[in-house]
Amino acid sequence: MVEQRHFGVWDYVVFSLMLAVSAAIGIFYGCRGSKQKTTKEFLMANRSMSIVPVAISILVSFMSAILILGTPAEMYTAGTEYFVYLGGIILAIIIAAQVFVPLLYPLKLTSSFEYLELRFNSKWAKLTGTLILIVQQILYMGIASFAPSTALEAVTGFPVWATIIIVGLVSTFYTTLGGMKAVVWTDVFQSVVMLAGLLAIVIEGVSRVGGMATVWQINYDWERINFFDFNPDPTQRHSFWSLVVGGMVGWTATYGCNQASVQRYCALRSVQKAKISVMLNILGVTVLLTITCLTGIIIFAYYVKQGCDPFTTGIVDNSNQIIPYFVMEVLNFPGLPGLFISCLFSGALSTMSSCLNALAAVTWEDFLKPFLGHRLTEGQKTWVTKLLVLVFGGAGIGMAFMAQGLGGTVLQASLSFTGAASGPVLGLFLLGGLFPWANGYGAIVGGLLGLFFPLWISIGAYNLPAAPYTLPFPTNSCVAPNISMTTMAMTTASGITLDVLSSTTPALPYEASGIELLYTVSYLWYPSIGAATVIIVGLIVSFATGPMNIDEIDPKYLIPLFDRLFCCLPASWRRTLRCKKEFPRPEDIRAGDDSDVYDSEFVVPTTDEKPSQQPFTVMATDVYPNGKGPLTSYDSLGEKDVGNDAVSTENMSNGTYKYTTHL
């Protein structure tokens, strides 16, 4: 039974302040400017966001409380091998920036799955992708909300149900009021809180242990330092191949075609800015993953010096509670435990709000807009999207309560179920982008089977007994009540002999047989299984039902893979590799009605009234990428833009207002 400690006054002050600031950002953007009165502003921030806030928002949308709890727990119990996962994430970010951003950004989409309808000429292909995303995001919201609740209950006694409801209500509140802008800027604020909380643990932990050299030596003595295991066995939980290759596939789906990512990088003003915002995540992921991995080995070194591991001795109920237990034991300064819990909640809130915004966007664009778009005013459409945020907020809260039944670390739970759902999404986009013969029937059948197969494996895996931990844990200075244990002698490099706990239950590993062998596949391969299923089944069904003619597909819906990833190859080679087909540059692609105007600058005389209230007619030259364009007449500005997605107004010194419109 975990020993409970309690918050002090300053802890509650810090925690309450974090929640208040997050809510205040939503109120600010709900009352500022046009007050989120259009769906473009509510869902896409008028495509006028800046690079750094968007990059941070993409980062913390998926690096949340799951990262803060799960990664240190993984390092604590299984050693440093998990750090190799960083290589897979970096490769995924590069692929997303070079392949998927140039594919999706020029199309000016609100829902990323509109691409599937355009490419396959099939509404049902689009709805298949949307359905998969809804399943994935609701699962992810539930686990991300549950993660801080178990930690807070473990160390303070604060009930799980109250924590889940607070996360759900606060994130739903500011997302409903402030839309995309509120979500992005709360993500920025919450990223600072997350970083501060993690650094507090690392700095104090290293100080208590006696320096980073001591931390490393202790972990080396206790067999924790092991980065590379090249065993190709797919049933091995972690290996170099599953961490790098499997991780790369999963995170390519996340950064490249997940709605939360697409929605953010499409909120920028150019394809180059969109690519930069994604690439900046290399720096962010490296910093966050390095700090959380260091946290795990620092905490392990601390408990080695104490001679008592709280996990295997039953002081904490599961590995997810190790980090908060350490915080309450070591960071016993007023306000610091509150800072750490704020760090956890910030991660959960950022994930929850990003998922809510994404779910509202795809549900409106893909399900409701075709039926209601022409019947409702712009204001009514915005209210519908806000209502969708409320509905999905309730669904996320419900899923969080269901997540209490999951075993293992929250990290594995998250990557298991969301990985099973993200793989088929990636598969659909690759099927459409790389295989011009694939048709809508192949996308639908492949997508559904690609979701069902890995999800079935992940559910089956949770019915198998958990594998025992194989690394030693220190227990020489504590007594573990009501558990059976075996001890062994271990001599460290410094010559000290310690009694260590080798296993909490000295049982033989479970021998799977029959169909159970399929369930033993590493959870890191689930996205690859899903993506491969979609592509293989999709191509088989496409050829069986009549493949599409390659000449019928607009090149802007296809991926010139070798041009994007191997641009250093000679032009003649690349032309041969793409079957001598010519592809437009992403900067030259115009997407439907939204691309009629790229950039316009025009000046109108100033009046005593605000420019936004003064009707006028302006002749402006539309500036296209090639520098040419027709003259266009605009009727009125009102509260809307001028045939565009964004308008900025500047009061010039010469007595005129300068209007600059952007797509």
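This is a predicted model: local features need pLDDT of at least 70, side-chain atom pairs count only at pLDDT 80 or more; totals for chains, interfaces and linings use all residues.
A residue counts as buried when its relative accessible area is under 20%.

**First stop: Phe15 and Phe345.** Select Phe15, whose relative accessible area of 7% makes this residue buried. Phe345 is buried as well, at 0%. The model contains 27 aromatic pairs. Phe15 and Phe345 form one of them, an edge-to-face pair with 4.7 Å from centre to centre and 70° between the planes. Phe15 belongs to helix α1 (residues 9-31) and Phe345 to helix α15, so distant parts of the chain, 330 residues apart, are linked here.

**Second stop: Trp456 and Tyr519.** Select these two rings next; they also form an edge-to-face pair, at 6.0 Å centre to centre and 85° between the planes. Because Trp456 lies in helix α18 (residues 440-461) and Tyr519 in helix α19 (residues 516-519), the pair ties together parts that are 63 residues apart in sequence. Trp456 is partly exposed at 31%, whereas Tyr519 is buried at 14%.

Select Phe83, Trp216, Phe227, Phe228, Phe230, Phe240 and Trp241, which ring pairs join into a cluster. Then turn to Arg224: its charged end sits over the ring of Phe300, 4.0 Å from the centre. Arg224 also lies over the face of Phe473, at 4.7 Å from that ring centre.

The structure holds six salt bridges. Select Lys181 and Glu41, whose closest N and O atoms are 3.5 Å apart. Lys181 is in helix α8 (residues 160-209) and Glu41 in helix α2 (residues 39-44), so this bridge ties together parts 140 residues apart in sequence. Both partners are buried: Lys181 has a relative accessible area of 14%, and Glu41 one of 3%.

Move on to Glu74 and Arg237, a salt bridge with its closest N and O atoms 2.7 Å apart. Glu74 lies in helix α4 (residues 65-78), while Arg237 lies in the loop between α9 (212-221) and α10 (240-257), 163 residues away. Glu74 is buried at 2%; Arg237 is partly exposed at 32%.

Within helix α15 (residues 336-372), select Lys369 and Glu365, which are four residues, or about one helical turn, apart. Their side chains meet in a salt bridge of 3.5 Å, N to O.

**Last stop: helix α16.** Select residues 378-402. At 1.5 Å a residue, these 25 residues should span 36 Å, and the end C-alpha atoms are 37 Å apart, which agrees. Buried residues in α16 include Leu388, Val389, Phe392 and Ile397.

Technical notes. Residues are numbered from 1 along each chain as its sequence is written. Side-chain values use heavy atoms; hydrogens and water are left out. A salt bridge is a side-chain nitrogen of Lys or Arg within 4 Å of a carboxyl oxygen of Asp or Glu. Helices (H or I, at least four residues) and strands (E, at least two) are DSSP runs, numbered from the N terminus. Buried means under 20% relative accessible area, exposed over 50%, partly exposed in between (1.4 Å probe, protein chains only). The expected span of a helix is 1.5 Å times one less than its number of residues. Rings of Phe, Tyr and Trp (its six-membered ring) pair if their centres lie within 6.5 Å; planes under 30 degrees apart count as stacked, over 60 as edge-to-face and the rest as tilted. A charge sits over a ring if NZ of Lys or CZ of Arg is within 6 Å of the ring centre and within 35 degrees of the ring normal.
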